Amino acid sequence: MAAHLVVRACPPFGVPGVSGVHRDPGHSAAADAAAAAELERDTRSLLDAAELGRAGAMTPRTRADFLAGRVAQRRFAAELLGVPASDLTAWYSCPRCGTGADISHGRPGYLLRGEAAPLLLSLSRAAGWTLLAGVAHPDPGLRLGIDAEDPARADFDGFDDVVLTPAEQRHLAGLRGIALLRGRARLWARKEAWLKMLGTGLQTAPDTLEVLDDAQQTGVNGWAGLRDLPAAETGLPAELVAAVALAVLP
């Protein structure tokens, strides 16, 4: 049976008294305080020491977004596996730092009652939003990567030279304004998703990776793997872009 990909977007978390936080009209300070208190309870009951230690070094706004994303990811994982979130232990894997309970970054994963959970996960953040992707009980060799990007972050000199191949630069040459920024962000999201799936991250120079077409990705068996994710599928705001890579690696 083919593995089933599940994608979910989580909105930004508002921190009381911090400027620039996304709030719905009519949102009250009391509601902010209640949400903050609930987040603190969730982090104490669900997250592990390495995650809490990493959060402790962050600014209040960054900390809240980080913790809310980790809580959402753990509940997402538990939902896909059909188990209580409290039964999971974070078990991240980094190509440089290794794998274990003391790692709080890299490829996300969990132990379920002491055993590796049968689950692929990937997480990305953009403009305060958290985008989650997961596959429960994946086929052997299947790998997953997801990325979301804010086109506004692609508006700087030198982006093309650092990120894009010559063919990609020619592809975007006729674009201007927001169309150019969205084109850049789309290609950046595709590269990030693919490199997350491979597990190499930016150890691979992005300007060496061609991602114009789904079919151009080679060296994998099974699924073509790389595609754009529309807002209707992710639940992200329409101004953000996203991509997913899902393939069986040899």
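Guide: A residue is called buried under 20% relative accessible area, exposed over 50%, and partly exposed in between, with a 1.4 Å probe and protein chains only. The model here is predicted: local features need pLDDT of at least 70, side-chain atom pairs count only at pLDDT 80 or more, and totals for chains, interfaces and linings use all residues. Residues are numbered from 1 along each chain as its sequence is written, and side-chain values use heavy atoms, with hydrogens and water left out.

Visitor: Why is Phe159 called buried?

Guide: Phe159 has a relative accessible area of 4%. Buried means under 20%, so Phe159 is buried. Phe156, at 40%, is partly exposed.

Visitor: What makes the pair of Phe156 and Phe159 edge-to-face?

Guide: A search of the whole structure finds 1 aromatic pair. The ring centres of Phe156 and Phe159 are 5.5 Å apart and the planes stand at 70°, so the pair is edge-to-face. The rule is that rings of Phe, Tyr and Trp (its six-membered ring) pair if their centres lie within 6.5 Å; planes under 30 degrees apart count as stacked, over 60 as edge-to-face and the rest as tilted.

Visitor: How do you know that Glu40 and Arg63 meet in a salt bridge?

Guide: A salt bridge needs a side-chain nitrogen of Lys or Arg within 4 Å of a carboxyl oxygen of Asp or Glu. For Glu40 and Arg63 the N to O distance is 2.9 Å, and the pair is a salt bridge. Glu40 lies in helix 1 (residues 29-46) and Arg63 in helix 3, 23 residues apart, and the pair links distant parts of the chain. Helices (H or I, at least four residues) and strands (E, at least two) are DSSP runs, numbered from the N terminus. Glu40 has a relative accessible area of 26% and Arg63 has 28%, so each is partly exposed.

Visitor: Which salt bridges does Asp228 form?

Guide: Asp228 forms one with Arg186, where the closest N and O atoms are 2.7 Å apart. Asp228 is in strand 10 (residues 226-228) and Arg186 in helix 6 (residues 177-198), 42 residues apart. The side chains of Arg190 and Asp228 also meet in a salt bridge, at 2.8 Å, N to O. Arg190 is in helix 6 too, 38 residues from Asp228.

Visitor: Which of these residues are buried and which are partly exposed?

Guide: Arg190 has 1% relative accessibility, so Arg190 counts as buried. Asp228 is partly exposed at 30%, and Arg186 is partly exposed at 25%.

Visitor: How many salt bridges does the structure hold?

Guide: The structure holds 15 salt bridges.

Visitor: How do you know that the span of helix 3 is close to the expected one?

Guide: The expected span is 1.5 Å times one less than the number of residues. Helix 3 (residues 60-81) has 22 residues and reaches 32 Å from its first C-alpha to its last, close to the 32 Å expected. Gly82 follows helix 3, with a positive phi near 70°.

Visitor: What makes the phi of Arg113 and of Ala127 worth a remark?

Guide: Most residues other than glycine have a negative phi. Arg113 has a positive phi, near 50°, and Ala127 also has a positive phi, near 50°. Arg113 is in the loop between strand 5 (110-112) and strand 6 (115-116). Ala127 is in the loop between strand 7 (119-126) and strand 8 (129-136).
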